[in-house]
Amino acid sequence: SKVEKGEKKGFLTKIMYLQPHTRGLLGNLCPNATKACSDSCLIANANFNYPLVQKGTFAKTWLFQLHPQYFLERMIMEVLQFSLECTMSEMQGAMRPNGTSDIKFYRYIDFDLLHHDTGIQFYDYTKNPYDIRVPHPSAYSFTYSLSEHPGAWERALVWIQKGYSCAMVVAAHGNNTMKAAKAAQEQMVQKGFFEVNGMRLPVVHGDDDDLRMLDNQGSLVVLYAKNKALREESAFVQRVHLR
């Protein structure tokens, strides 16, 4: 539903979903995932619980792990097909390769060239802490995703100081309902900033759409807690005292 909100801004969006963290066949596709992140991952919630959807994500994951060259060629082909769909719809294309994974696809695919040929903008959330210098920042936008990891805020501040954005999950203090989590998000957005170590970080609403490449870089993207994250008590979720 959040992706569909981008259509009002003239964007068609495609997201690829694979099996994350320890659910892959031959390895972890989210090497920096934390326990809270894994527990609340989208792959085990909402529409992903349907058996057919799970089979599809497993099939794509195994294809990537067992036949990576074919997988990457197929991925490029689908990007080209998507660009035709965008042209016919007279809309801008956006694509998120890692919907539920955290693979460094830019090591294998020239996204700058793909962007040049198709006009599609690529973006992702990531927990990879040291990949600040991405090869093609004009074509592939990254938002660092905060977790309960002890060094998460330190890494986030480095990203922000380098001009990138970071995402943070919020919920209400003492209340595990989604309504309260949304209220906590709105309160932070209305305030306009979040203070960390004496720094006032500008705040961006993260659920109005999924077009992270349009955010003012150096911002803190605020997402309200969903599903299992509503009950998460670790630092993965920032608890806000509602006024």
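Modeller: Phe64 is buried, at a relative accessible area of 11%. The model is a predicted one. Phe71 has a relative accessibility of 4%, so Phe71 is buried too, under the 20% cut-off. These two rings form a pair. Their centres lie 5.2 Å apart and their planes meet at 65 degrees. Edge-to-face requires an angle over 60 degrees, so the pair of Phe64 and Phe71 is edge-to-face.

Now Phe122 and Tyr140. They form an aromatic pair with 6.4 Å from centre to centre. The planes stand at 50 degrees, and the pair is tilted. Phe122 belongs to strand 3 (residues 121-126). Tyr140 belongs to strand 4 (residues 140-145).

The charged end of Arg200 is placed over the ring of Phe193, 4.0 Å from its centre. Lys226 lies over the face of Tyr224, at 4.0 Å from the ring centre.

Next, the helix. Helix 7 covers residues 178-191, which makes 14 residues. From first C-alpha to last, helix 7 reaches 20 Å. That is close to the 20 Å expected at 1.5 Å a residue.

Which residues of helix 7 are buried? They are Ala180, Ala181, Ala184, Gln185, Gln187 and Met188. Seen down the axis of helix 7, the buried residues fall within an arc of 160 degrees, so they line one face of the helix. An α-helix has 3.6 residues a turn, so residues three or four places apart point the same way.

What do the buried residues of helix 7 pack against? Their partners are strand 5 (165-172), strand 6 (193-196), strand 7 (199-205), strand 8 (220-224) and strand 9 (237-240). The face of helix 7 turned away from the buried side carries Lys179 and Gln190, which are exposed. Just after helix 7 comes Gly192, with a positive phi of about 95 degrees.

Note on methods. Residues numbered from 1 in each chain as written. Predicted model: local features only at pLDDT ≥ 70, side-chain atom pairs only at ≥ 80, totals over all residues. Heavy atoms only, no water. Phe/Tyr/Trp six-rings, centres within 6.5 Å; stacked < 30°, edge-to-face > 60°. Buried < 20%, exposed > 50% of the residue type's maximum accessible area, 1.4 Å probe, protein only. Helix = DSSP H or I, 4+ residues; strand = E, 2+ residues; numbered from the N terminus. Lys NZ or Arg CZ within 6 Å of the ring centre and 35° of its normal. Expected span 1.5 Å × (residues − 1). Arc of directions from axis to C-beta. Contact = heavy atoms within 4.5 Å.
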